Amino acid sequence: MKKELVIVIDFGGQYNQLVARRVRECNVYCEIYSYKTDLEKIKAMNPKGIILTGGPNSCYEADSPTYQKELFELGIPVLGLCYGAQLMMHVLGGKVEKADVSEYGKTEVLIDKKDSKIFKNVSEKTICWMSHTDYISQVAPGFEIAAHTADCPVAVAQNEEKKLYAIQFHPEVLHTVEGKTMLSNFVLGVCECAGDWKMDAFVEHTIKEIREKVGDGKVLLALSGGVDSSVAAGLLSRAIGKQLTCVFVDHGLLRKDEGDEVEGVFGPNGQFDLNFIRVNAQQRY
């Protein structure tokens with residue numbers, strides 16, 4: 001099943017999973033990749049758009065996470081958020097410095113370019129969530145300032161011709177009042193995604209892929225009871241049933257009765273069609 005894809009490149013920020021979630025809420029499929037992912041791999045995935053996340057580093061320091069300039073020359077729309085915005089400016093010839101006044105928390109952002117595609121249906125003054133000690137002191141050649149705050153001269157920079165946008169604040173968090181509108185404007189407006197992807201379609205497609213890959217084979221899954229392994233167990237169970245064996249090692253360090261809860265969900269009296277083995281290893285741990 002061929003689907004539209006937006007890629008989130010992870011630079012170590014705390015909201016990275018939330019960025020991907022917001023894209024998916026626009027009914028667009030999204031995957032997260034490390035900043036160490038090779039450019040050729042990204043090109044091969046043929047994404048409709050790329051989002052660069054925040055991160056704890058200063059982009060002008062030698063050992064900070066970075067990405068090659070060619071990423072911004074693919075003709076694919078790129079949206080940089082916080083650190084990602086600063087990195088975009090730094091790589092493309094702008095200037096990023098330590099700010100005299102750090103911004104943290106809800107901040108009023110003043111829109112300078114009201115006709116910007118990012119700001120369609122966004123108020124001229126809007127509350128956004130800032131979290132930065134560095135700031136963009138000079139935009140890269142070809143960019144213009146699209147928004148500012150009282151202490152931050154470049155809250156948003158854009159090169160609309162090349163579909164490059166740098167946003168200093170965090171539109172993905174709910175504290176940014178109109179952030180979901182801005183992200184939707186990027187994904188659906190700038191990237192021109194259709195917005196017709198649904199999670200249930202992803203589930204059915206994944207189940208089909210699992211069946212084709214496993215065939216008549218068997219699968220052994222280490223089940224912790226956490227989100228990742230539990231979702232994997234649920235999908236595998238729907239795909240291959242008793243061909244799946246889940247091993248849950250109860251090391252005695254879980255919350256009270258949590259081991260029993262895991263067995264209740266995935267064990268013989270649970271809702272899933274699979275083989276379940278519980279290993280009581282409290283004494284060994």
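The model is predicted, so local features need pLDDT of at least 70 and side-chain atom pairs count only at pLDDT 80 or more, while totals for chains, interfaces and linings use all residues. Residues are numbered from 1 along each chain as its sequence is written, and side-chain values use heavy atoms, with hydrogens and water left out.

## Overall build

The protein has seven helices and 12 strands. Helices (H or I, at least four residues) and strands (E, at least two) are DSSP runs, numbered from the N terminus. Along the principal axes, the C-alpha atoms fill a box of roughly 60 × 40 × 35 Å. Of the 285 residues, 48% are buried. Buried means under 20% relative accessible area, exposed means over 50%, and partly exposed lies in between (1.4 Å probe, protein chains only). Contact means heavy atoms within 4.5 Å. Among contacts with a separation of 6 or more, 72% join residues 24 or more positions apart.

## Helices H5 and H6

Helix H5 spans residues 199-214, and helix H6 spans residues 227-240. Their axes come within 9 Å and cross at roughly 65 degrees. Axes are lines fitted to C-alpha atoms, for helices over the stretch in contact; angles run from 0 to 180 degrees between N-to-C directions. The crossing is right-handed. H5 contributes Val203, Glu204, Thr206, Ile207, Ile210, Arg211 and Val214 to the contact. H6 contributes Leu235, Leu236, Arg238, Ala239 and Ile240. By class, this contact has eight nonpolar, one polar and three charged residues. Here Ala, Val, Leu, Ile, Met, Phe, Trp, Tyr, Cys and Pro count as nonpolar, Asp, Glu, Lys and Arg as charged, and the others, Gly among them, as polar.

Helix H3 (residues 83-91) is largely enclosed by the rest of the structure, because eight of its nine residues are buried. These are Tyr83, Gly84, Ala85, Gln86, Leu87, Met88, Met89 and Val91. They pack against E3, E4, strand E5 (95-111), strand E6 (125-138), E8 and strand E9 (164-167). Just after H3, glycine 93 takes a positive phi of about 105 degrees.

Lysine 69 sits in the loop between strand E3 (49-52) and strand E4 (78-81). Not counting residues up to four places away in sequence, lysine 69 touches Val91 and Leu92. Lysine 69 and valine 91 are 22 residues apart in sequence, yet their C-alpha atoms are 6.1 Å apart.

## Glutamine 158 and the cysteines

Glutamine 158 belongs to strand E8 (residues 156-159). Its side chain makes a polar contact with the side chain of serine 116 (2.6 Å). A polar contact is a pair of N or O atoms within 3.5 Å; within protein, one must be able to donate a hydrogen and the other to accept it, and residues adjacent in sequence count only if both atoms are side-chain atoms. Leaving aside neighbours within four places in sequence, glutamine 158 contacts Lys113, Ser116, Gly142, Phe143, Glu144, Ala146, Leu164 and Tyr165.

A disulfide is a pair of cysteine sulfur atoms within 2.5 Å. The count by this rule is zero. Cysteine 30 is in none; its nearest cysteine sulfur, that of cysteine 193, is 9.8 Å away.

| Residue | Relative accessible area | Class |
|---|---|---|
| Cysteine 30 | 1% | buried |
| Lysine 69 | 42% | partly exposed |
| Glutamine 158 | 1% | buried |
| Cysteine 246 | 0% | buried |

How values were computed:
Left-handed = near helix turned anticlockwise from the far one by under 90°.
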